[in-house]
Amino acid sequence: MKKGFTVLEMILVLTVVSIIVLVTVPNIAQKKEVINNVGCKALLEIVNGQILMYELNTGEQPGSVEDLVSEDYLTEDQCYCPNGDYIHIEDGQAVAS
């Protein structure tokens, strides 16, 4: 008797693997969007903290995020959320748009 897999067994295994992949891929893509949005909210809180530090150190509010970058309160990468939105300052608070 020969050892090995039959064609039917291989087809069944490939079918099960295909179903698993088809179920998980859309969920992964959806989770990435949620992660980016949560990351943006967290980054906005960091920028708000840096705005407060800038105010405490200088006695005035920063006019823009570029002021925070030029004074080394933020890096260039922290001007953009993970989802690509630009962060700017409105009424003394960080806002992404």
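**Rings, core and hairpin**

Reader: Okay, Y73: buried or exposed?
Author: This is a predicted model, so local features need pLDDT of at least 70 and side-chain atom pairs 80 or more, while totals for chains, interfaces and linings use all residues. Numbering starts from 1 along each chain as its sequence is written, and side-chain values use heavy atoms, leaving out hydrogens and water. Buried means under 20% relative accessible area, exposed over 50%, and partly exposed in between (1.4 Å probe, protein chains only). At 15%, Y73 counts as buried.

Reader: How many aromatic pairs turn up in the whole structure?
Author: Rings of Phe, Tyr and Trp (its six-membered ring) pair if their centres lie within 6.5 Å; planes under 30 degrees apart are stacked, over 60 edge-to-face, the rest tilted. Searching the whole structure with that gives two.

Reader: And which residue pairs with Y73?
Author: The pair is edge-to-face, with 5.5 Å centre to centre and 70° between the planes. It links distant parts of the chain, 19 residues apart: Y73 sits in the loop between α2 (65-70) and β1 (87-90), its partner in α1 (residues 7-58). Helices (H or I, at least four residues) and strands (E, at least two) are DSSP runs, numbered from the N terminus.

Reader: Why do the rings of Y80 and Y86 count as edge-to-face?
Author: Y80 is partly exposed at 46%, and Y86 is partly exposed at 23%. Their ring centres are 5.2 Å apart, and the pair is edge-to-face because the planes stand at 65°.

Reader: What is the C-alpha separation of L68 and V47?
Author: L68 belongs to helix α2 and is buried at 0%. Beyond its neighbours within four places in sequence, L68 is in contact (heavy atoms within 4.5 Å) with residues including V47, I51, Y54 and Y73. L68 and V47 are 21 residues apart along the chain, yet their C-alpha atoms are separated by 8.8 Å.

Reader: Which residue in the hairpin turn has a positive phi?
Author: Two strands pair if DSSP finds at least two bridges between them; here four join β1 to antiparallel β2 (residues 93-96), with I87 opposite A96. The hairpin has two residues between its strands, and the one with phi of about 55° is D91.
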